[in-house]
Amino acid sequence: MVKRQPPQADPDLQARYDALAEAHVRLSSQVERQRERFGVVLAQLSNAERLEGLRSPRPGPGRWIGGLVDLAVYGAAYLIGWRRPVSRTRALAGLRGDLPGLYDLIQKLRGRPSLAHRDGRLETIRFQGVSAAPGAPVLELRNLFAHPRTRSAVSRACKTLLAAGVERGPIRHVVALNFYGGGGAERTALAYARALADEGGHAAVILTDPGPRRVLPVLPEGVTALDFEALDADLDAEERQTLLFLLLQALAPETLHIVNCDAAWRMLLAVPRPLLPVKSVVASAYALQEDPKTGAPIGYSALMVRAGDKVDRLITDNRVFAEQVLPGIGFDPDRISAVHNACRLEDAVDQADAQARLERRIAGLGEAGRITVVWAGRLDLEKRVDLLHEVARLGADRFDFRIYGAEVMDRSDWGRRLADLPNVRVMGPYASPLAWDEDGAAQLFLFTSSIEGLPNTLVEAGWLGFPVVATDVGGVGDLIDPVTGWPLPPEAEASDYLAALNEAATASGDTRRRAAALIERTHSRHSLAAFEQALAVAYPRAE
């Protein structure tokens, strides 16, 4: 009879088990600490001393004028169907400050209780932060616990993030995004969150501002989304800033990454840095918005400049901004990183496929007949749809235009005006750039704009092997130059664009060389591997 040997312990298996057990203990401890922070925030808020607030002075002529202007803007937003919720919200907030009595009346008519007392005072509380050192500044915050509506929003936000933390581990990174309308900056913000989650850190994407909404794409397990509009679409600007601040207090993430987010920028301006419980503040800078008359920064750009001393790292999607534009408005070059966005077509079209598509386009240019030009983007004036219309009108004898997209920020009739041209087909919104090329009939790509970073549509056009004619504005020159396409200065006229299209449609050898160089540039710079490598270098890491 053979004596059976006792089983031997596998040292590698034991080591893996010990490491897993240690990680579980560490994760449980981190989750518990985050749970405790939520409890401290909620307890401090619900039991905090309520201040009477500052009594609004009796409205004088200036306040009456300002209030009436706010009322006119707010009324126009509904009477003419204005599709810019952020404008309605700001008008209502201004009205609350100038004419609180009228603000109360409007809120009652809307079925929304006001946070103001009858005499115009706002309920506020004092808040010193969860981990504030003795002597730290004390903030006076809007009391979101004063009414059931806002109290419910805080409660649901906390429950959502706490439950996600318990299930997936503590939230280490917060990406604050204005809204998700499917635009390039918004898709890039989700790409940042995915990349951070892939590194093992749970990330939360918080949509804070009013604005156009589309259904979010499927997010990986390590990314949690929270939309303030779903909590309460009637939160005003100050309430949104306060809610974001309180959630950061509860989460204490390693990083706060701001992407075109009005609430986050204004919160950052209002909160002393010692009370902001994040190790690093990161911001994305895609386009420089300027006053056309004075050249001064406006919009998100103005907020970024004002809060710049509280930002640890600026990330842009192109070298033009990193090396010229941002240093030119006062930012330290050592705090700026260029991270080229990853193209979403990588899994669908490889470089050989792109080259084959280019050869089909070149063959199409050589055949007798009309040339098909693709344009894709928002049908808003910022994208120079007026210029697009003129180019299409002038080129009616040779070119057919396929226009992909719809109005987003502007309420205009440019879609209809374009569709009225005999050589234009307005195709509407598209789910994927592959739609531009589904029948293989398109030969050229046209891009027009007045304000840009480095637009994803250009990256996608280059990835698909399109010869490109583009406005050289913002960071476009980082991708489209005389080697890779036909860049035109911002002051170029419709006749200049038509001449460039004619050249691209005629000089097949030169067209092939430029488009092939663009394929090489996009497939090397804008791959997922290149994006993740650049992000790993640029992104601040906790010690």
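**A chat about strands, rings and neighbours**

Q: Hi! Which residue is the bridge partner of Trp375 in E12?
A: In E12, Trp375 has Ile403 as its bridge partner. Keep in mind that this is a predicted model.

Q: Got it. How many bridges join E11 to E12, then?
A: Strand E11, residues 371-376, is joined to E12 by six bridges, and the two run parallel.

Q: Which residues does Ile451 touch?
A: Not counting residues up to four places away in sequence, Ile451 touches Ala287, Leu288, Glu382, Lys383 and Val473.

Q: New topic: aromatic rings. How many aromatic pairs does the structure hold?
A: There are six aromatic pairs in the structure. One of them is formed by Tyr404 and Tyr430, with 6.2 Å centre to centre and 90° between the planes, and that pair is edge-to-face.

Q: Which parts does the pair of Tyr404 and Tyr430 tie together?
A: Tyr404 lies in strand E12, residues 399-404, and Tyr430 lies in the loop between strand E13 (424-428) and strand E14 (444-447), so the pair ties together parts that are 26 residues apart in sequence.

Q: Are those two buried or exposed?
A: Tyr404 counts as buried because its relative accessibility is 4%. Tyr430 also counts as buried, at 17%.

Q: Why is the pair of Tyr430 and Trp436 edge-to-face?
A: The ring centres of Tyr430 and Trp436 are 5.6 Å apart and their planes stand at 70°, so the pair is edge-to-face. Planes over 60 degrees apart count that way. Trp436 is buried, with a relative accessible area of 0%.

Q: Which residues form the aromatic cluster?
A: Tyr404, Tyr430, Trp436, Phe445 and Phe466 form one aromatic cluster.

Q: Nice. What sits over the ring of Trp486?
A: The charged end of Arg514 does, 4.2 Å from the centre of that ring. Over the ring of Trp414 you'll find the charged end of Arg417, 3.9 Å from the ring centre.

Q: Tell me about Arg514. Which helix does it lie in?
A: Arg514 lies in helix H17, which covers residues 508-525. Arg514 counts as buried because its relative accessibility is 14%. Leaving aside neighbours within four places in sequence, the contacts of Arg514 are Pro482, Val483, Thr484, Gly485, Trp486 and Glu503.

Q: Last topic: E5. How many of its residues are buried?
A: Six of its six residues are buried, and strand E5, residues 202-207, is mostly covered.

Q: Which ones point one way, and which the other way?
A: His202, Ala204 and Ile206 point one way from E5, while Ala203, Val205 and Leu207 point the other way.

Q: What strands pair with E5?
A: Strand E4, residues 171-177, pairs with E5 in the parallel sense over six bridges. In that pairing, Val175 has Val205 as its bridge partner in E5. Strand E6, residues 223-227, also pairs with E5 in the parallel sense, over five bridges. There, Ala203 stands opposite Val223 in E6.

Q: And what kind of unit do E4, H6 and E5 make?
A: With helix H6 covering residues 184-198, E4, H6 and E5 make a right-handed β-α-β unit.

Key
Residues numbered from 1 in each chain as written. Predicted model: local features only at pLDDT ≥ 70, side-chain atom pairs only at ≥ 80, totals over all residues. Heavy atoms only, no water. Helix = DSSP H or I, 4+ residues; strand = E, 2+ residues; numbered from the N terminus. Buried < 20%, exposed > 50% of the residue type's maximum accessible area, 1.4 Å probe, protein only. Contact = heavy atoms within 4.5 Å. Pairing = 2+ DSSP bridges. Right-handed = clockwise from strand over helix to strand, strands pointing away. Phe/Tyr/Trp six-rings, centres within 6.5 Å; stacked < 30°, edge-to-face > 60°. Lys NZ or Arg CZ within 6 Å of the ring centre and 35° of its normal.
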